[in-house]
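Please consult the sequence and structure shown below while reading.

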Amino acid sequence: MKLLYQTHSPPARKVLVLAYEVGIAGRIKVVHHETSPTRRNDEVFAENPLGQVPVLLRPGLPAIFDSDVICAYLDTLHDGRPLIPSSGEARWQALRIQAIAQGLSSAGGALRWETVRRPEALRYPPLRDGYIEKLIASYDWLEQELDTETPVHIGHIALATTLSWLEFRELPTFREKRGRLAAWFDAFELRPSMRATPMSGETHD
Ligand SMILES: N[C@@H](CCC(=O)N[C@@H](CS)C(=O)NCC(=O)O)C(=O)O
């Protein structure tokens with residue numbers, strides 16, 4: 001299988017971290033691609049009409065996107081404990097943490113457009129402030145709601161890869177007054193799956 005990937009993309013890294021966690025990373029060839037709404041990447045568009053990574057290419061089978069769907073697929077390819085719990089409250093907890101992580105990643109990306117990516121004259125400060133509000137409210141929610149003592153699940157992976165990117169991009173910090181969240185993240189970052197998938201090189205994401 002091939003994974004169309006971007007080194008700094010939280011959803012792409014989420015897929016790869018899951019693959020390491022379940023022991024199938026060796027079956028995936030990672031192919032780096034630059035993608036952006038303002039820099040069309042024809043190879044990515046050829047597989048995903050949204051022009052976004054991650055995309056999973058499977059020999060003889062249709063391409064799969066987005067990261068939630070790829071993770072659900074990869075979770076069927078191993079015999080270990082599923083990282084997306086199949087039923088009960090454990091499932092909804094994992095999926096709602098994943099949903100917050102995906103939202104944080106989107107809000108963080110949108111905030112970067114309003115602060116560094118869009119030409120200065122086209123930025124709209126009220127929109128910037130609205131995205132900051134979403135980040136702060138989500139950090140506060142996570143400080144209360146994150147299940148730090150349960151076995152690792154997809155929500156944890158999505159969240160750790162997103163927090164890592166938010167910090168790397170120097171977006172508003174989640175650390176202040178959120179000791180439980182910060183301690184959980186610092187421990188998660190030491191996992192071999194996170195260490196095997198560092199953000200590297202320059203991208204425009
Ligand atoms: N919901 C998608 C989001 C994917 C996404 O936003 N990918 C970004 C990189 S982080 C991308 O490819 N952006 C390029 C673009 O939107 O044109 C997923 O979870 O896979």
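## Basis of the description

A polar contact is a pair of N or O atoms within 3.5 Å; within protein, one must be able to donate a hydrogen and the other to accept it, and residues adjacent in sequence count only if both atoms are side-chain atoms. The model is predicted: local features need pLDDT of at least 70 and side-chain atom pairs pLDDT 80 or more, while totals for chains, interfaces and linings use all residues. Residues are numbered from 1 along each chain as its sequence is written, and side-chain values use heavy atoms, leaving out hydrogens and water.

A polar backbone atom of proline 37 lies 3.1 Å from an oxygen atom of the ligand. The protein buries 79% of the 510 Å² that the ligand exposes when taken alone (accessible areas by the Shrake-Rupley method with a 1.4 Å probe; for residues, only the protein chains shown count as cover).

## Residues around the ligand

The residues around the ligand (a heavy atom within 4 Å) include Ser9, Pro11, Thr35, Asp66 and Gln102. By class, this shell has four nonpolar, seven polar and one charged residues (Ala, Val, Leu, Ile, Met, Phe, Trp, Tyr, Cys and Pro count as nonpolar, Asp, Glu, Lys and Arg as charged, and the others, Gly among them, as polar).
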